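The structure is shown first.

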Amino acid sequence: MNEQTLSKPPRAFINLAMTTVLLTVGLIVFGAIVRVTDSGLGCGNSWPLCDGTVIPPLDNVTAWIEWSHRLIAMLIGLFGIGMLVLAWRGYRKNNRAVITTTFIAAGLFAFQSGLGAVVVIFDLPPTIVTLHLASAMLLLGALLLSAIFAWHRPPTIPTNRDVVTTLAYVTMALSLIIILTGALVRGSGATLACPDYPLCNGEILPFNQGSLETVHMMHRFAVVGLGFMLIMLVWYMYRGGRGVLLRRLSVLALDWLPLAR
Ligand code: HEM
């Protein structure tokens with residue numbers, strides 16, 4: 001094998017992985033469009049066909065929205081197969097991190113597609129829709145890691161955890177909790193369960209009021225927790241003299257929190 005054939009797969013892999021990442025971001029946004037336009041059952045409870053047909057009728061807008069979501073998912077699946085092939089050819093001997101993350105992404109994609117089918121067949125149950133969203137986020141994370149590991153190969157995965165690394169993990173986990181509880185608030189109809197602010201029907205811990213109030217307040221608590229943790233993250237970034245890019249990114253995350261509410 002000459003130099004050229006050795007250097008080709010990695011570059012092609014990074015391009016394909018980044019394209020798949022962007023397509024997945026697009027599909028996640030499109031999934032939200034499926035949801036807010038009430039197109040989740042655009043194809044009825046039919047799967048893998050759309051209301052018994054391969055291509056929906058031209059005048060059925062919700063069916064087209066749902067069908068397009070499935071079509072883009074299929075495209076991501078094809079790109080994913082390409083990633084598996086290129087990862088195996090280019091990295092199996094010298095970069096296990098790429099192989100591991102690409103295979104995890106493939107497993108998550110299969111799980112995600114299965115969940116999509118369950119969502120459709122069982123009339124969009126809110127908990128499964130939330131799981132579908134959670135799995136979409138994990139899939140995006142796995143694809144991103146796979147692209148990053150292909151681009152930058154860490155000699156070893158560091159095992160010592162400093163405060164900044166721990167806070168980065170905590171803020172990431174809290175962000176996921178906020179996304180998921182937010183989806184559950186909407187999906188379960190808990191949007192107006194707590195009409196007052198910052199309390200919920202006059203209580204700070206409304207757990208005895210019912211599940212809708214509980215879900216709603218869990219969402220608010222996670223936002224407060226994230227705000228607090230992000231302030232700590234920014235503080236430690238500056239105190240520890242971290243690189244300028246990391247410091248700016250942490251400030252950006254803190255600035256974005258009120259906008260995301
Ligand atoms: C890579 C694959 C996929 C990704 C990343 C993805 C992602 C998403 C996301 C982020 C949402 C919005 C969820 C929310 O707002 O809570 C969504 C909604 C939805 N997805 Fe997917 N999806 C994928 C594949 C599929 C497949 C294969 C199907 C069906 C066979 C499907 C069916 C649905 C349906 C019906 C909704 C709307 C749920 C509702 O209206 O409540 N998805 N998807």
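The points below are grouped by topic.

This is a predicted model, in which local features need pLDDT of at least 70, side-chain atom pairs count only at pLDDT 80 or more, and totals for chains, interfaces and linings use all residues. Residues are numbered from 1 along each chain as its sequence is written, and side-chain values use heavy atoms, with hydrogens and water left out.

**Ligand site**

- Around the ligand there are 25 residues, of which Arg-35, Trp-47, His-69, Gln-112 and His-132 come nearest; a residue counts as near if one of its heavy atoms lies within 4 Å of the molecule.
- An oxygen atom of the ligand lies 2.4 Å from a polar side-chain atom of Arg-35.
- The side chain of His-69 has an N or O atom 2.9 Å from a nitrogen atom of the ligand.
- For His-132, a side-chain N or O atom is 2.8 Å from a nitrogen atom of the ligand.
- Helix H1 (3-36), helix H2 (61-91), helix H3 (96-121) and helix H4 (126-151) are the elements that give two or more residues to the shell around the ligand; helices are DSSP runs (H or I, at least four residues), numbered from the N terminus.
- The shell around the ligand divides into 16 nonpolar, 6 polar and 3 charged residues. Nonpolar covers Ala, Val, Leu, Ile, Met, Phe, Trp, Tyr, Cys and Pro, charged covers Asp, Glu, Lys and Arg, and the others, Gly among them, count as polar.

**Ser-250**

- Ser-250 lies in helix H7 (residues 244-260).
- With a relative accessible area of 4%, Ser-250 is buried; buried means under 20%, exposed over 50% and partly exposed in between (1.4 Å probe, protein chains only).
- Leaving out residues up to four places away in sequence, Ser-250 touches Leu-233, Val-234 and Met-237, where contact means heavy atoms within 4.5 Å.
- Gly-202 is 48 residues from Ser-250 in sequence and 34 Å from Ser-250 in space, C-alpha to C-alpha.

**Backbone features**

- Most residues other than glycine have a negative phi, and most peptide bonds are trans.
- Trp-47 and Pro-48 are joined by a cis peptide bond with omega about 5°, and Pro-48 lies in the loop between H1 and H2.
- A cis peptide bond also joins Tyr-197 and Pro-198, with omega about 10°; Pro-198 lies in the loop between helix H5 (163-187) and helix H6 (211-239).
- Asp-51, in the loop between H1 and H2, has a positive phi near 50° and is exposed at 51% relative accessible area.
- Asp-123, in the loop between H3 and H4, has a positive phi near 60° and counts as partly exposed at 47% relative accessibility.

Conventions
A polar contact is a pair of N or O atoms within 3.5 Å; within protein, one must be able to donate a hydrogen and the other to accept it, and residues adjacent in sequence count only if both atoms are side-chain atoms.
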